[in-house]
Amino acid sequence: MGEHYFAERPGAASRRRTVDLVLPDLHLRLDTDSGMFSPDRIDPGTRVLLETVPEPPATGDLLDLGCGYGPIAITMAKRSPQASVWGVDVNQRAITLAEGNAKAAGLDNVRFSLADETDPGLRFAAIWSNPPIRIGKAALHELLLTWLPRLAPGGLAHLVVQKHLGSDSLQRWLAAQGFPTERIASRSAYRVLRVASRTEGNTR
């Protein structure tokens, strides 16, 4: 894919375009650019996630981990207008676009920031993510172990992962880290995993 989309400041020349996210409950036109994840279309995994997850909590803090230009976070914000939605990424170009996309959608309950600028005290009622599998297993595990412990008690994360990129092994690994995990959907070689918050005393 050329330069990795998880660079903080992509060196790829800007080439703006738009993509349409059409779901049963909403239609979004989103600006995208070079140097970020899936700039030419809504990623199929993102679509599978958004078409299969339960409704997000109506209130509380909700997180899109690895938000890119914002399709997941903006969908969460549309579906739960009384919640506070946070989108985090390492890609500054994507963050800037996501902010513009949220503004164009008329949303004031979603904000975007670089991952290391997010308040570490926040606890999330839900995390939705199409995680950056291609950063490598060690980096992915570090990312998940940074954010999944920030689930509030009773909170749930939903992750979409391609089967051939290790969804089944990731499910086993998450369970081994103390996060009860089950597959709730399978479509077009994608798996949607539901990850529960760690219970007290289950913090390996």
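Is H141 buried or exposed? H141 is buried, with a relative accessible area of 17%, where buried means under 20%, exposed means over 50% and partly exposed is anything in between (1.4 Å probe, protein chains only). Bear in mind that this is a predicted model, in which local features need pLDDT of at least 70, side-chain atom pairs count only at pLDDT 80 or more, and totals for chains, interfaces and linings use all residues. Residues are numbered from 1 along each chain as its sequence is written, and side-chain values use heavy atoms, with hydrogens and water left out.

- H141 belongs to helix α4, with helices (H or I, at least four residues) and strands (E, at least two) taken as DSSP runs numbered from the N terminus.
- Setting aside neighbours within four places in sequence, H141 is in contact with L170 and W173; contact means heavy atoms within 4.5 Å.
- The side chains of H141 and W173 are also joined by a polar contact of 3.5 Å. That term covers a pair of N or O atoms within 3.5 Å; within protein, one must be able to donate a hydrogen and the other to accept it, and residues adjacent in sequence count only if both atoms are side-chain atoms.
- The buried residues of α4 are L140, H141, L144 and W147. They cover an arc of only 140° around the axis, so they sit on the same side of α4; the arc is that of the directions from the helix axis to the C-beta atoms.

**The aromatic pair**

- Rings of Phe, Tyr and Trp (its six-membered ring) pair if their centres lie within 6.5 Å; planes under 30 degrees apart count as stacked, over 60 as edge-to-face and the rest as tilted. By this rule the count comes to one aromatic pair.
- That pair is F124 with W147, and it's tilted: 6.4 Å centre to centre, with 45° between the planes.
- The pair links distant parts of the chain, with F124 in strand β6 (residues 124-129) and W147 in helix α4 (residues 137-147), 23 residues apart.
- Both F124 and W147 are buried.
- R150 lies over the face of W147, at 4.3 Å from the ring centre. The test here is NZ of Lys or CZ of Arg within 6 Å of the ring centre and within 35 degrees of the ring normal.

**Nonpolar cores**

- In soluble globular proteins, nonpolar side chains tend to be buried together.
- A nonpolar core is a set of buried Ala, Val, Leu, Ile, Met, Phe, Trp, Tyr and Cys residues joined through side-chain atoms within 4.5 Å.
- The largest one has 37 residues, of which V110, F112 and W128 touch the most other members.
- The elements giving two or more residues to this core are β1 (17-23), β2, α1, α2, α3 (92-104), β5 (110-114), β6 and β9.
- V110 touches A73, A77, V85 and A102, not counting residues up to four places away in sequence.
- A second, separate core of 22 residues includes L148, L151, W173 and F179.

**Helix α2 and R79**

- Eight of the nine residues of helix α2 (residues 71-79) are buried, so this helix is largely enclosed by the rest of the structure.
- Among the buried residues of α2 are P71, I72 and M76.
- R79, also in α2, is buried with a relative accessible area of 15%.
- A polar atom of the R79 side chain lies 3.1 Å from the backbone oxygen of L50.
- Leaving aside neighbours within four places in sequence, R79 is in contact with L23, D25, L50, V53, E55, P56 and W128.

**L28 in strand β2**

- L28 is found in strand β2 (residues 26-32) and is buried, with a relative accessible area of 5%.
- Not counting residues up to four places away in sequence, L28 touches V19, D20, L21, I74, T75, K78 and A105.

**Positive phi**

- Most residues other than glycine have a negative phi.
- S38 has a positive phi near 50° without being a glycine; S38 lies in the loop between β2 and α1 (44-52) and is buried, at 15% relative accessible area.
- A189 isn't a glycine either, yet has a positive phi of about 70°. A189 lies in the loop between β8 (181-187) and β9 (190-196) and is partly exposed, at 41%.
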